[in-house]
Each structure stands twice: as structure tokens, then as C-alpha cells.
Amino acid sequence: MLAALPDQPPALAGNCQAPLRSPRLVRSCCSISSCTAGSVDMLVSGRERRLRRLFPPFSGRSVMLPIDQPVSLGPLTGIADVHKALPKLLAGEPDAVICHRGVLRHVPADLPARTGLIMHLSAGTGLSGRGYVKTLTGSVADAVRFGADAVSVQVTFGTAEEGAMLTDLARIASQCAEWDMPLLTMVYVHGADPVREPGKIAHGARVAAELGADIVKVPYTGTPESFAPVTEGCFVPVVVAGGERHFDQDALRDAVRGALEAGAAGVCVGRNVFQHEDPQRALAELRATVHTDPVFRTYHEDVPSHV
């Protein structure tokens, strides 16, 4: 019988933490080089290994598929039947899937090698009338037990419960540091229109990074010009949310390209994938845009360093 996994990880000698500035240029935050018979040995942190699974080194960007929405909204078209939906969605090979523990348990053990798992630790339901207020539903130790590559939490700014959600974020960030687990923070500002008030989105993104997020998810602000301050003001990778279902795929593609042009490190698109008539094709188009789009060629000194 296997012993229960402790809530605290074992102490690691020489453990060090350093912020990852760029998923494109992922470097070891704990490295020692030694030359033996012409070889160089590098010590790689668990955090770096996990981030590499989320941001493939060939592009340094990520296409994430969130399927955590039913907790807030109830069963949704496209993922109402998890057993039927998961095989089809995973066949599209997103770089990561974000879900709650119950769904994570049903992810096949033979998950495609290129797809990482992110366990969502925040929940709030529309049944309360205030589904945007989130509470913690698990720990980083739980995510380790499930074999996750990262965890995610949501903070909704501009609510009376903002302070409690920030406290939860800081608590999970501390646990992530102990376990070498990457942390994605979903940032929303209650009552704010991202297009009209991009400064509030930039503010929320910066707060998340300041409190320990490794990756920040935010809504798109409408144009590359308005989104650039969001990425420039956030010293960790920013991924852009897909939002509600877009029936105009050209508009979605333009938004993704605009975000990438402004320095985004990828996308986090749910309903525009699993509610698409052909989810695998939708994922293929996103992957083509994110990983091979001409915008990719603009990576040089004038692009924000965390891209």
C-alpha cells in the first residue's frame, strides 16, 4: 500500500527559486555546470521541466484549453458528456488542458505527450448569483497526487471578496514554491470592459505577477496597441482568454494575432474550441496561428523580453 503524500514536500538541499522571464528562452533556475570528459551536466528544476511541457521550446508559446467552466455555468454544449468530449479534444493536442479535479481523474493515462495538465483550484457557481467570487477547492499537494504539470487560480478584482482571493493566491503561490509547481492566475476585473478600460487589466495582471504567478491569463483588450501595456507591465508570460463563443473565426484569429503582436505568450481558449463544430480543426487553427504565425518572426530586441 502506498504511503499518503504529505501536504508539505521534503526539504531539498540547494533549492532555489528564480522567476522565469521567458517561456521561449527557458533556462534552468537551479543549474550547476561541470565539465567531465568534455560533457556539461545541468541540474534542472521541477518547475522548469513542467513549464517546458506547457510552452514547447520550438515556439515558446502555448495553446491552452480550459474546460473548467461547468462549475460556474453548469453543463455546457461540447463538454456536457465528459467521456465523449475528452478523447476528441485531446486528439487535437492542445499544449495544456485546464480542469477541476473531478474531470482530471477522467483524463486518459495515455494522454498525448505534448499535452500538459493544469489543475484548477478555484470555484464559484452561478447558482449563488455571484459566480465570479472564487474560493479554493484544493492544494498543490492535491495537484501533485493527480500528476498535474501546473495549478491555476482565479482572482476577480473589484469585488468585496478581492482581499480573500488575493490571500488565496498568495497561499497557493507559497505552496507552488515549495513543490516547484508552476502557477497560472486567471485575472478578471468585475464590471470592467477590457476594451474601454485596458489599464485595469494591466493592473490586475501586474498584481498577479507580483504575488507569485508564473503565467497570467487575461481578456483581450481589443487592439495590439491597448494590449501591449498589459504584456509590457507584466514580467511573466501572459496568455489571452478566448472569451465567449465567437461564430466569426476570422475575428477570433485576428484577436489572437493582435495579442501575439502585442507580446502575448499564447492563448487560453475554451468555448471557441469545444463548442466549435469541429474542435480538432479549431485547435489545429489555433496551433498554426500561435506556433507558426508570421508574427512569430518579430521576436527580437523590440519584443517584450518575457514573450
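Me: How much space lies in the second largest cavity?
Reply: A cavity is space where a probe fits but cannot get out. This is a predicted model. Its second largest cavity holds about 40 Å³ of space.

Me: Which residues line the second largest cavity?
Reply: Ser122, Lys134, Thr135, Leu136, Val153, Gln154, Val155, Met165, Asp168 and Leu169 form its lining. Strand 7 (135–136), strand 8 (150–157) and helix 6 (162–179) each give two or more of the lining residues. By class, five are nonpolar, three polar and two charged.

Me: Which helices each supply at least two residues of the lining of the largest cavity?
Reply: Helix 9 (249–261) and helix 11 (279–292) do. The lining includes Gln249, Leu252, Arg253 and Val256. Ala282, Glu285, Leu286 and Thr289 are also among the lining residues, as is Asn272. Four lining residues are nonpolar, three polar and two charged.

Me: What volume has the largest pocket?
Reply: A pocket, unlike a cavity, is an open set of points. The largest pocket here has a volume of about 1000 Å³.

Me: Which lining residues are the closest to the centre of the largest pocket?
Reply: Tyr188, Ala241, Gly243, Glu244 and Arg271, out of 40 lining residues. Elements giving two or more residues to this lining include helix 2 (70–73), strand 6 (122–123), strand 9 (183–189) and strand 11 (238–241). Strand 8 and helix 9 are also among them.

Me: How do the residues of that lining divide by class?
Reply: The pocket lining has 20 nonpolar, 15 polar and five charged residues.

Key: Residues are numbered from 1 along each chain as its sequence is written. This is a predicted model: local features need pLDDT of at least 70, side-chain atom pairs count only at pLDDT 80 or more; totals for chains, interfaces and linings use all residues. Side-chain values use heavy atoms; hydrogens and water are left out. On a 1 Å grid over the protein atoms alone, a cavity is a set of points where a 1.4 Å probe fits but cannot get out, and a pocket is an open set with protein on both sides within 12 Å along at least five of seven lines; lining residues have an atom within 4 Å of a point. Helices (H or I, at least four residues) and strands (E, at least two) are DSSP runs, numbered from the N terminus. Ala, Val, Leu, Ile, Met, Phe, Trp, Tyr, Cys and Pro count as nonpolar, Asp, Glu, Lys and Arg as charged, and the others, Gly among them, as polar. Grid points are joined across faces, edges and corners, and a volume is the space filled by probe spheres set on the points.
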